[in-house]
Amino acid sequence: VTFHLKCRYFTGHSNNPDGTTAFVAGTTGAKQGFMGAISIFTIAVTIVVVAVPEGLPLAVTLTLAYSMRKMMRDKALVRRLSSCETMGSATTICSDKTGTLTLNKMTVVEAYLSGTKLNPCDNTGMMSSSVASLLVEGIAQNTAGAVFSPENGGAAEVAGAPTEKAILSWGLKIGMNFNDVRSKSSVLRVLPFNSVKKCGGVAVQSDTYVHIHWKGAAELVLASCKSWFSIDGSVHPMSSDKYNELKRSIDDMAMSSLRCIAFAYCTCELTMVPREDLDKWQLPDDNLTLLGMVGIKDPCRPGVRDAVQLCSAAGVKVRMVTGDNVETAKAIAFECGILNAKDVASETTIIEGKVFREMSETAREEVADKITVMGRSSPNDKLLLVQALKRKGHVVAVTGDGTNDAPALHEADIGLSMGISGTEVAKESSDIIILDDDFTSVVKVVRWGRSVYANIQKFIQFQLTVNVAALVINVVAAVSSGAVPLNAVELLWVNLIMDTLGALALATEPPTDNLMKRHPVGRREPLVTNIMWRNLFIQALYQIAVLLVFNFDGKRIFQLHNESREHADKIKNTFVFNAFVFCQIFNEFNARKPEEKNVFGGVTSNRLFMGIVGITTVLQILIIEFLGKFFGTVRLGWKLWLLSVAIGAVRYTQENSIVETKHFFLL
């Protein structure tokens, strides 16, 4: 374009505003010729500035920052800005159960002691005192929690993890004096709860004995028991009938969505204790005596079922990954809406972590898509599931709260750690921190993520339309007549509308309910969709056609034959500039909802958008009416003002007719 304009100028084919030849060889002075060349160069550079979509990074940053700030109100702290948009493309969420899908407020609601179910669960009056003392010793010593008894005799305060608090609270109800029990024996060796073995143990010594207490997943502890206590305190061998009876009790509690914990113990001779090397002492766990079992209730969070259904409608599959019994996990999954009757018919829908872990890599990939609930899983099982899902092309979001969850959180496309129960290691490995540990907040993050992606698409459609229209109009006019209807200052104003103000207006659009009715965007799907190309083509073509008609034939259309050539050109160019700006103002409304007919729906809820449109309109009026000397424009009559607005408004009705036509043919 620059070369063509310079050729026209220096060969005498360009005219001044008054109609005289701009450059005459041998007559035009060097200074005048130099200024003419500079003017051509300025226009060319301005066209390039308008043509390059340099506002896109600003729009992306604005929408990410705006969404991050709004997500804080929805209890989500974004640690990595890019994760906002990635969350909108999530195809599956691997969620923990405890504290995320449930309230993490646990209470013991069922208990089996001496092979008998207690009714109520704290009624231990019929139980032998020797069994009761052993059970209380195991509860008080084999715990990571604590009980604080106030000096004024008030209610005791229990501290620790939710499961520990539930067991200690139940221990207090059955007569445990926490400090007194702990003072009667000393701890020799502690094995903290192990996420693989699903149990923890402690060895305690009194003057005459060493007791080794185990506490953990009921079915695993029961499998290690060779005997059990009866009500009178006598020990009986664990027969197959008794084992099956107790196993059925565990299954009944699990199917009632209870977490099942068992207590067992064994004795050890003092001479068997390796005093010199206690840290390496492996506590015996293969010849235990069962003391009792409890069922702990952790109710589902309110609103979780609706949130899971919303995810399903949005094409996001929710998978539960928990360390609980498979039956407990299944019952909670039903309660939360993750499972339904159809899912239970499929064996691979519900799987145990150990089974998945022992599969080959190929087999894990084949089965990963079908898994909805994984019970008795370890943190490594969660990592393997994430890796298998990613290899299948999924965009995976994972929730986690423990230190062992860090590898899975880091491996996932989006790691979501828990703000209340999460460890610092888990938070550092995550992309987003869920401040209230609630699954409904996770769904809100998905909604905001989709809003980020949609807002970026809206701005791209808006900006590319302006780019194409401005570029083609000026290039065609420059090549054909040697003059451009939009001068450098006007193009910079259009660029300001397009980049800064347009980015602010479209990047701050709040999420709508329709976003959760779409399926997630795939990894390889184009950012500019077919609908966007259609809208862009129609809008740009309309602008180019109408404004070029007024550019080349405006004098005749506006009947400016009685005006001087210079003034007539200014009126025509001012009108083209004014109509072009109003096209972009209405284009912002079109870009808000590229796939909907009513683009004005909910527009008043976005005050910033309305404010920017209002400011742009007011500034445009000021430019035309009062800043003509600076912008090279003249004042327009009310008829030309109305025509300018009408040309922009026609774009809205035109796009609606296109959408209606498309729907007609689809029907």
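Student: What should I keep in mind about the numbering and the atoms?

Tutor: Residues are numbered from 1 along each chain as its sequence is written, and side-chain values use heavy atoms, with hydrogens and water left out. Because the model is predicted, local features need pLDDT of at least 70 and side-chain atom pairs count only at pLDDT 80 or more, whereas totals for chains, interfaces and linings use all residues.

Student: What makes the contact between Glu 164 and Lys 215 a salt bridge?

Tutor: The term requires a side-chain nitrogen of Lys or Arg within 4 Å of a carboxyl oxygen of Asp or Glu; the N to O distance between the side chains of Glu 164 and Lys 215 is 2.8 Å, and the pair is therefore a salt bridge. The pair links distant parts of the chain, with Glu 164 in helix α6 (residues 162-173) and Lys 215 in strand β9 (residues 210-217), 51 residues apart. Helices (H or I, at least four residues) and strands (E, at least two) are DSSP runs, numbered from the N terminus. By the salt-bridge rule the count comes to 28.

Student: Why are Glu 164 and Lys 215 called buried?

Tutor: Buried means under 20% relative accessible area, exposed over 50%, and partly exposed in between, with a 1.4 Å probe and protein chains only. Glu 164 has 16% relative accessibility and so counts as buried, and Lys 215, at 10%, counts as buried too.

Student: How do you know that Glu 424 and Lys 427 form a salt bridge, and what is the relative accessibility of Lys 427?

Tutor: The closest N and O atoms of Glu 424 and Lys 427 are 3.9 Å apart, which is within the 4 Å limit. The two residues lie three residues apart in helix α17 (residues 424-429), so they are separated by about one helical turn. Glu 424 has a relative accessible area of 54% and is therefore exposed, whereas Lys 427, at 15%, counts as buried.

Student: What does the salt bridge between Asp 405 and Lys 382 tie together?

Tutor: The closest N and O atoms of Asp 405 and Lys 382 are 3.4 Å apart. Asp 405 lies in the loop between β17 (396-400) and α16 (406-411) and Lys 382 in helix α15 (residues 379-391), so the pair ties together parts that are 23 residues apart in sequence.

Student: How do you know that the buried residues of α10 line one face of the helix?

Tutor: The buried residues of helix α10 (residues 304-313) are Val 304, Ala 307, Val 308 and Cys 311. Seen down the axis of α10, they fall within an arc of 100°, so they line one face of the helix; the arc is that of the directions from the helix axis to the C-beta atoms.
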